Amino acid sequence: MNAMRSLPRLGLAALLVFATLLPLAFLVALSVSSDWFYPNLAPRRWTGANWDLLRRSGAVIFSSLRVSAALALATGAVSSISGLFAGRKIARLDGWRGRVAVACAFLPVAVPPLALSIGLQYSLLKMGLGGRFSGVLFAHVVPALGYTTLFFVGIFAVFDWLVEDEARSLGASPRDVIMRVTLPLLRRPLVEAFALGFLVSWAQVPLTLLIGQGLVRTLPLELMSYVSAGQDHLAATAGLVLTIPPLALLVVTALAVRRLGAVIA
Amino acid sequence: MSGGRRGASGLIVAIVVSSPVLAGIVYSILGALGVAGPGADGMSLRHFQVVLGDSATWRSILWTVWIALASTLAATILAMGAAAIFRAQQGVDRFARLVAIVPLAVPHVVAALCGVLILSQSGLLARLAFAASLQSSPADMPALTSDRYGIGLIIALVWKEFPFLALVAFALIAQRGVALEETARTLGAGALRTFRVATLPALWRGLLPAMIAVFTFVAGNYEVAVLLAPSSPLALPLLTMERYTDSSLAARGDAFVLVLLAIMVSLWGVIAHEWFASRVEVVE
Amino acid sequence: MTSPALEMDSVSVRFGAETILQNMTLQVGRGERFVIVGPSGSGKTTLLRVIAGFVTPEGGEIMIAGLSATAVPPEKRDAVYMHQTPILFPHLTVLENVAFPLRVRRLSGGETRERVGAALDAMQMGRFENRMPRTLSGGQKHRVALARAIVARPSLLLLDEPFSALDPALRRDVRLALLAAHSQYEPGVVLVTHDFGDAAGIADRIGVLIEGELTQVASPAELFMRPASLAIARFLNIANEVHGHSDGGGTFCSTLGNFRTRDTIAAGPAIAVFSPAAVTIGLKGRTAARVIEVRTYPEHTTLMLGITGGRLEAACPAGSSFAAGDETTVDLDVDRLAVFPLPAGQRVE
């Protein structure tokens, strides 16, 4: 009975794998080639030139990669640490205060980035942050902080406060407690929150567009210009570079989860 | 040591975290009322009247709902199918489940890029059709990108959202599905009925919150719409952007009304999500 | 002659290299309540699932109500398997849940209605027909699950640790519900638990499953009085153990005196195991004892007695009262003594 069921199942699995990975494979092929036009099913030339551009400091793709990385790293850092302290405070609230606080933290996550950018643009422009790295960074942190705060509210909901109280009764000052007990215990969640904030900024489009005013060019924005200009090869390269950090994170998480014997992976 | 000072500081922190958004909402309200912003010309409901009275607005809303609904439902059905079929712990099934969640890592703008590269009239699909002698020029290919029905957009969105819904579905099957199915079978139900009565309802109920989240997200997403949606009818994010960057300042005020609309839709989405999530019974 | 509810013959189950069940052979008669006890990991759940059809055995035969069930899928077997926690279909009302087995068997609407009503009334859940499962309490869910299990009158009910993780009040509730369900049409019941106390309350016979083998099958009283091995006696937590030695000729010698044993055991160190009921307290007993502690329980009182060479737990005789420090004497009922050779390496404490 099992053997009979396995052939169609294999077929469906193959279909799933094909449909899922074909687009990515196509991107890879485009990124290592040039002069690939309709109606050819193969490019005229295979070349590593597109990826070389990523290291060429004069190249647009290189500078946008740098900007994206800087923004994402900074967003990750700011939002993870702030999110930790915010989440900690909020997780300790009970009753209606707790619910209201969580709802507040949810707002930056629930509101679509485009709506958020339009709402924020005027104020940020007035503060002189328009078209500047710092302005875009602030804009990215807004939703990222929402995600990390909610993340830490979840962490602290099951956090063992008793450990902190124990430290206090052993003589540790509040500062000691944070530095010697809480932060070390939270090392792993901090890394995860950093990754979360990083990814929120890394893939961001509307906030960068409207607050950066076209002056702050990140990789997603460049990707969109490449598409409009029909530069498929560069677009594919940019797309792959954009996919690498989240993909790496997914692999790491899946491996970690598998070690814990979870069900999915 | 509860309430009192600690309660106050926690709430303050929460408000600080949400303050930019709150400021943005307030500003949008003021802008929509004509009090603030580039097109400000005194308090009035004119912007509301213009936007809500414009048939383009409603066409946009309907079209956006169509796209979000179609892509969410399609992705959900595929996710349920994948969870029902690939349920064994090891082997082919496990490999399929692993591959299925890969697009989770792909940013939405890259998913849109793939849509363009593959589904456009000179894209991969068209070239395959050419090679199979099904067409002789790009124009022969039906437009799947920037088309009136948003087919290409829906396909790209399904590709991107399927892994998220599948992940939830896999967990549901593994946690609750097995015991429910065994119960149905031991009571006499065959394979098909077991699926209908035990598996499907459990999947559906568990997936509803995730579906709402996906729907809400898709409806508000800008970058995918930019690359794959048509210029008529306009998706809501695109309409909003168009009004906001319009050369006529009056139109910019209209954009704020659309922004408020989008925010309202999201908030309703969150409320609906919470409501359905709280109704899901926990089977220990 | 009606065939037994369950017949298992030499059924073995292996997962990979590990043998979970070895040569399981057992019979459960119609209307019999058979309880399988054993420590965690002994294979109890696997045994039930093999009977239910969710696990395929390596070899052997399974017959349910006289029909071969060995290669038959779960839905076609005349047995219902009930999980530890009641699994109700969350999207169906109580009525629809209980009607499920009948709808599957394509019974007419009228007859379905009648039988569902009867089952719910038997479980005292008639008023809850239109409720949704999530609004029910734990005990109510158990009763609905039982009603659903019996509505199609399966010849065999398989219950997997129904009492685990229940507080005493709920435990009693579920036990009564189970007895009520059973009395409806007297199916065979195979129930699995790790708690002997629960088992004794409902079992006609008890089977002790240790490491995949059925080491003893007997009525509760007999099991308690004559455990077949020291391991079983210890699993049953029989209270008193007295060390001594056997002379190899049928006598057990200890500080409590010499006793003729029922079976002859080899000469050497031995251990006698007996319950508090085997100890008689009186003034003319053979062994001196002093009361160390009086333990008062809701329904009875036990005395901890010190004797030369150890301690005994005994039931306080009705009508008498003792205090710590009192001197008295004790006698042992030889019939309630189970004597085993002491495994090498175990010393007197």
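Biologist: Contact means heavy atoms within 4.5 Å. On that basis, what share of the contacts in chain C with a separation of 6 or more comes from residues 24 or more positions apart?

Modeller: This is a predicted model, and in chain C such residues account for 66% of the contacts with a separation of 6 or more.

Biologist: And what is the corresponding figure for chain A?

Modeller: In chain A, residues 24 or more positions apart supply 70% of the contacts with a separation of 6 or more.

Biologist: Which elements make up chain C?

Modeller: Chain C holds eight helices and 20 strands. Its C-alpha trace spans about 75 × 45 × 40 Å along the principal axes. Of its 349 residues, 50% count as buried.

Biologist: What about chain A: how many helices and strands?

Modeller: Chain A has twelve helices and two strands. The order from the N terminus is α-β-β-α-α-α-α-α-α-α-α-α-α-α. The C-alpha trace of chain A spans about 75 × 70 × 35 Å along its principal axes, and buried residues make up 46% of its 265 residues.

Biologist: How much of the surface of each chain belongs to carbon and sulfur atoms?

Modeller: Chain A exposes about 12800 Å², and carbon and sulfur atoms supply 67% of that area. For chain C the accessible surface comes to about 16100 Å², with 49% belonging to carbon and sulfur atoms.

Biologist: Changing topic: how many cavities of 30 Å³ or more does a search of the whole structure find?

Modeller: The search finds six such cavities.

Biologist: Which residues lie nearest the centre of the largest one?

Modeller: The lining of the largest cavity consists of 18 residues, and those nearest its centre are C:Met82, C:His83, C:Pro86, C:Ala145 and C:Leu146.

Biologist: Which elements supply at least two residues of that lining?

Modeller: They are helix H7 (151–186) of chain B, together with strand E6 (79–82) and H4 of chain C. H4(C) gives the largest share of the lining, five residues.

Biologist: Is C:His142 buried or exposed?

Modeller: C:His142 has a relative accessible area of 11%. Buried means under 20%, so C:His142 is buried.

Biologist: What is C:His142 in contact with, leaving aside neighbours within four places in sequence?

Modeller: C:His142 is in contact with C:Gln84, C:Pro86, C:Pro162, C:Leu166 and C:Val174. One of these, C:Pro86, is also among the residues nearest the centre of the largest cavity.

Biologist: On to the backbone. Which residues other than glycine have a positive phi?

Modeller: Among them are A:Asp35, with phi near 55°, and C:Ala65, also with phi near 55°. Most residues other than glycine have a negative phi.

Biologist: Where do A:Asp35 and C:Ala65 lie?

Modeller: A:Asp35 is in the loop between strand E1 (33–34) and strand E2 (45–46) of chain A. C:Ala65 is in the loop between strand E4 (59–64) and strand E5 (67–68) of chain C.

Biologist: Why does A:Asp35 count as partly exposed, and C:Ala65 as buried?

Modeller: A:Asp35 counts as partly exposed because its relative accessibility is 25%. C:Ala65 counts as buried because its relative accessibility is 14%.

Biologist: What is the peptide bond from B:Ser232 to B:Pro233, cis or trans?

Modeller: That peptide bond is cis, with omega near -5°. B:Pro233 is in the loop between helix H9 (223–228) and helix H10 (236–244) of chain B.

Biologist: Finally, C:Val334. Where is it found, and what is it in contact with?

Modeller: C:Val334 is found in the loop between strand E19 (327–332) and strand E20 (338–341) of chain C. Leaving aside neighbours within four places in sequence, C:Val334 is in contact with C:Phe259, C:Arg260 and C:Arg262. C:Val334 counts as partly exposed, at 33% relative accessibility.

Biologist: How far apart in space are C:Val334 and C:Phe274?

Modeller: They are 9.4 Å apart, C-alpha to C-alpha, and 60 residues apart in sequence.

Conventions:
Residues numbered from 1 in each chain as written. Chains lettered and ligands numbered in written order. Predicted model: local features only at pLDDT ≥ 70, side-chain atom pairs only at ≥ 80, totals over all residues. Heavy atoms only, no water. Helix = DSSP H or I, 4+ residues; strand = E, 2+ residues; numbered from the N terminus. Buried < 20%, exposed > 50% of the residue type's maximum accessible area, 1.4 Å probe, protein only. Areas by Shrake-Rupley, 256 points an atom, 1.4 Å probe, with all protein chains shown as cover. 1 Å grid on protein atoms, 1.4 Å probe; cavity = no way out; pocket = protein on both sides within 12 Å on 5 of 7 lines; lining within 4 Å. Points joined across faces, edges and corners; volume = space filled by probe spheres on them.
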